[in-house]
Amino acid sequence: MEFGVIAFLSTLIGAIVGVGGGLIIRPMLGFFDVAKGLASFSSAACVFCMGIVSLATTVHKGAKIQLRETVVLAAGSICGAFIGGACIKLVSGEFIKIGYIFAMVFVLVCMAARKHMPRIKLKNPLLQFFTGIATGGLSGFFGIGGGPFQMTALLVLFDLEPKEAAVQSIFITVLTTISSLIQYAVSGYWDFSLALYMIPMAVLGGFTGGLLNRKFNNKCVSVLFNVTVIFIILMQLYSVFLS
């Protein structure tokens, strides 16, 4: 029951604000002593299903996907994830946890300063690709989720409003999650013992979140994004200092 609730709330929030939901699901499953591999696979399966349903819902309600930009960003993110994952061996687990806290604080600072920054809209495909490498690299290095980094890049470097940035971020997340699922398939890891119960709730969360994304205004989405980042920071602080 608790895993279904985690899947629903995580994907609901993820679909609204564009953070995917995996970065909430994985740490929460960790609190229930779920093995890291099982938590990662279950999270990826839930996020993929949520993303498909959320995109179908938002597009049906009038959202548009910027295919060229998002595919280039996704390609960079997939490459960056491999680079970031390879760098994990160079540092300790505690360094990664503390570094993630600082990275999330940086995201909050960027959100707070966004309206005072010069308006930037990257149009060069090469720069877009390297932006994807940066966000994907951070995601792979911290191993929790790159949704906040993607959202920050889309808001600050692509001059999108929060509602539209969330839709593009979910599309990127779907593409990068496909890459993760292929890796699981190649390695032979297909443990649906948790995902079987969580996926239906993730689908419901994606559908509901997609509807709410269209109904909420940009300010609401922005506030919820900030609250989500603060929640992630608090979870990380608990993991580092109290667990």
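1. T228 is buried, with a relative accessible area of 4%; buried means under 20% relative accessible area, exposed over 50%, and partly exposed in between (1.4 Å probe, protein chains only). T228 sits in helix α10, residues 218-241. Helices (H or I, at least four residues) are DSSP runs, numbered from the N terminus. Neighbours within four places in sequence aside, T228 is in contact with I13, V17, V19 and I24, where contact means heavy atoms within 4.5 Å.

2. This is a predicted model, in which local features need pLDDT of at least 70 and side-chain atom pairs count only at pLDDT 80 or more, while totals for chains, interfaces and linings use all residues. Residues are numbered from 1 along each chain as its sequence is written, and side-chain values use heavy atoms, with hydrogens and water left out.

3. The whole structure contains four aromatic pairs. Rings of Phe, Tyr and Trp (its six-membered ring) pair if their centres lie within 6.5 Å; planes under 30 degrees apart count as stacked, over 60 as edge-to-face and the rest as tilted. One of the pairs is F41 with F192, edge-to-face at 5.1 Å centre to centre and 85° between the planes. F41 belongs to helix α3 (residues 36-60) and F192 to the loop between α8 (162-187) and α9 (195-215), 151 residues apart. F41 is buried at 0% relative accessible area, whereas F192 is partly exposed at 36%.

4. Y100 and F149 also form an edge-to-face pair, 6.3 Å centre to centre with 90° between the planes. Because Y100 lies in helix α5 (residues 93-113) and F149 in helix α7 (residues 147-156), the pair ties together parts that are 49 residues apart in sequence. Both Y100 and F149 are buried.

Notes:
Helix = DSSP H or I, 4+ residues; strand = E, 2+ residues; numbered from the N terminus.
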